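Here are my notes on the model, as numbered points. Please keep the sequence and the structure open while you read.

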2 protein chains.
Amino acid sequence: MTDLESSLATIMEVFHRYAEKEGDKHKLKKSELKDLINEELPALTGQVKDQATMDSLMESLDTDGDSELDFQEFMTFVTMKSCDVYP
Amino acid sequence: MTDLESSLATIMEVFHRYAEKEGDKHKLKKSELKDLINEELPALTGQVKDQATMDSLMESLDTDGDSELDFQEFMTFVTMKSCDVYP
């Protein structure tokens, strides 16, 4: 596997590891996204400390309005944050 | 760095390595995208063999119509392909 392929596989693996915890196994609930950020993206932890910020983050990402993030919506999130964290 | 952070850093690094080759250092031209796919995503090489397929792929991804892919457009591509290659 190339570095790019293994990186994509890692992102999919991390997404599914948190998505599988509760409810729909292929989507992240707000609590699962919060856990993922706290444990896997520590640089962003400060951004999800209060409920209001978490709510608005989820709302902005949840483009199909089902209160959960599918993989595509999650990738929009990590793309946005990649540009912040790794300019 | 967590696995997710290092994976995102790798994706950014690969994107920039190819984007820097010619023209705009922060965008992928069609030829740079083709090189990236051939060398970093060998599972997809078959999909970019002929010019027509490469043209339509680029057109579908190039949402701002500047004939190049910025990082966000590139991430849409890898998201789509992640779902194909790693269901």
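1. Start with a term. Buried means under 20% relative accessible area, exposed means over 50%, and partly exposed lies in between (1.4 Å probe, protein chains only). By that rule Ser7(A) is buried, because its relative accessible area is 4%. Ser7(A) sits in helix H1 (residues 3-19) of chain A. Helices (H or I, at least four residues) and strands (E, at least two) are DSSP runs, numbered from the N terminus.

2. Know what you are looking at. This is a predicted model, where local features need pLDDT of at least 70, side-chain atom pairs count only at pLDDT 80 or more, and totals for chains, interfaces and linings use all residues. Residues are numbered from 1 along each chain as its sequence is written, chains are lettered from A and ligands numbered from 1 in the order in which they are written, and side-chain values use heavy atoms, with hydrogens and water left out.

3. How confident is the predictor? The pLDDT is its confidence in each residue, from 0 to 100. Chain A averages 90, and 97% of its residues score at least 70. For the complex, the predictor gives an ipTM of 0.89 and a pTM of 0.89.

4. Now the fold of chain A. It has four helices and zero strands. Read from the N terminus, the order is α-α-α-α.

5. Of the 87 residues of chain A, 45% count as buried. The chain exposes about 4200 Å², and carbon and sulfur atoms supply 51% of that area. Accessible areas come from the Shrake-Rupley method with a 1.4 Å probe; for residues, only the protein chains shown count as cover.

6. Which residues of chain B does Ser7(A) touch? They are Ser7(B), Thr10(B) and Ile11(B), not counting residues up to four places away in sequence. Contact means heavy atoms within 4.5 Å. Thr2(B) also reaches across: with the same exclusion of residues up to four places away in sequence, it touches Glu39(A), Glu40(A) and Pro42(A). Thr2(B) lies in the segment before helix H1 (3-19) of chain B. It is buried, because its relative accessible area is 17%.

7. Look at Lys34(A) in helix H2 (residues 30-40) of chain A. Its relative accessible area is 24%, so it is partly exposed. Leaving out residues up to four places away in sequence, it touches Val48(A), Lys49(A) and Met54(A). Lys34(A) and Glu73(A) are 39 residues apart in sequence, and their C-alpha atoms are 15 Å apart in space.

8. Check one backbone angle. Phi of Ser67(A) is near 65°, a positive value in a residue other than glycine. Most residues other than glycine have a negative phi. Ser67(A) is in the loop between helix H3 (51-61) and helix H4 (71-85) of chain A. It counts as exposed because its relative accessibility is 51%. In chain B, phi of Ser67(B) is near 65°.

Technical notes
pLDDT = per-residue confidence, 0-100.
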